[in-house]
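User: Can you walk me through how to read the fold and a helix pair in this one? Let's have it up first.

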Amino acid sequence: MKRTAASFASIFCFLINASAITWFPEEFTCPIDKEKNTFMVIGSYGSYVYADRSKYQWVFFPRTSQQTYYMCKKCHLTTFMWDFDKLPADKIDAIRKLLAGVKISKDFKDYQDVPVVERLEVLEQVYSLLGKDNEWWEDFYRTKAFHYAKAGEAEKAKAARLKSLQLITGFLSDEKNESPKKLLYYISGAMKHFTEDDKGAIEDLEKALATKYAEKNAKPETADNAEKGLNERIKDYIAQIKSDQKPRMFDKDPNIHDHDR
């Protein structure tokens with residue numbers, strides 16, 4: 001999953017909208033057991049989500065919202081909302097066998113009654129069968145850490161962040177990796193900050209600031225906007241780490257990232 005300048009365009013838009021994210025229910029048929037499930041789908045949201053404090057972990061809506069993680073009430077198939085009815089046909093049997101051994105903490109009718117971290121544990125097992133690359137997994141571990149921290153599971157959050165950091169370190173040393181190094185340094189600095197290594201975090205953020213945003217085939221205007229947007233965030237991040245209100249201090253606050261109502 002290559003990180004591209006185009007995919008960051010909306011992230012670097014700082015228009016703040018006071019409206020809340022809206023959701024509405026929709027029926028889905030499970031591809032494993034044909035069970036009918038009602039899940040929440042996104043009705044509307046605005047660019048305000050990119051100003052959320054989760055930017056300090058480089059995790060954004062809808063990954064920050066618990067509604068995003070669908071779980072079938074019968075077989076417990078769990079996926080990101082955009083994948084639930086799009087599983088590869090040749091993986092269905094293997095996923096069915098995997099789910100036969102999955103146990104969860106409670107029976108439920110509404111998938112939102114199952115803690116999001118519990119859903120993420122099942123989701124991780126499901127995606128382990130889908131051949132995802134290291135960039136996908138790095139993003140997943142960062143997202144998983146966000147939710148574990150929000151649930152007050154600090155040690156599990158730290159373990160996931162260290163996995164993210166290990167992968168990011170590998171990307172930075174891999175000349176064939178096509179992700180912009182400026183962004184990789186930002187994420188590396190973020191994971192170091194959230195694992196209590198502020199010295200290393202500032203060093204990486206300063207490297208990010210000194211690294212020109214570069215990406216193959218990116219339009220000059222898009223790359224320039226990404227460069228300016230990241231520089232603003234990097235300068236802010238360094239200042240925040242040096243302040244009395246460090247980003248990780250808000251890690252346990254269950255409402256700090258929550259626009260959903």
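Analyst: Helices (H or I, at least four residues) and strands (E, at least two) are DSSP runs, numbered from the N terminus. Here the protein chain has eight helices and four strands. Keep in mind that this is a predicted model: local features need pLDDT of at least 70, side-chain atom pairs count only at pLDDT 80 or more, and totals for chains, interfaces and linings use all residues. Residues are numbered from 1 along each chain as its sequence is written, and side-chain values use heavy atoms, leaving out hydrogens and water.

User: Which pattern does the protein chain follow along the sequence?

Analyst: Going along the sequence, you get α-β-β-β-β-α-α-α-α-α-α-α.

User: At what angle do helix 5 and helix 6 pack?

Analyst: Axes are lines fitted to C-alpha atoms, for helices over the stretch in contact, and angles run from 0 to 180 degrees between N-to-C directions. Helix 5 (residues 154-173) packs against helix 6 (residues 181-194) at about 150 degrees, their axes 9 Å apart. That makes the two helices roughly antiparallel (angles over 145 degrees).

User: Which residues of helix 5 and helix 6 meet?

Analyst: Contact means heavy atoms within 4.5 Å. On the helix 5 side, Arg161, Ser164, Leu165, Ile168, Phe171 and Leu172 take part. Their partners in helix 6 are Lys181, Leu184, Tyr185, Ile187, Ser188, Met191, Lys192 and Phe194.

User: And how much of the protein chain is buried?

Analyst: Buried means under 20% relative accessible area, with a 1.4 Å probe and protein chains only. Of the 261 residues in the protein chain, 51% are buried.

Notes. Angles under 35 degrees count as roughly parallel, over 145 as roughly antiparallel, 65 to 115 as roughly perpendicular and the rest as oblique. Buried means under 20% relative accessible area, exposed over 50%, partly exposed in between (1.4 Å probe, protein chains only).
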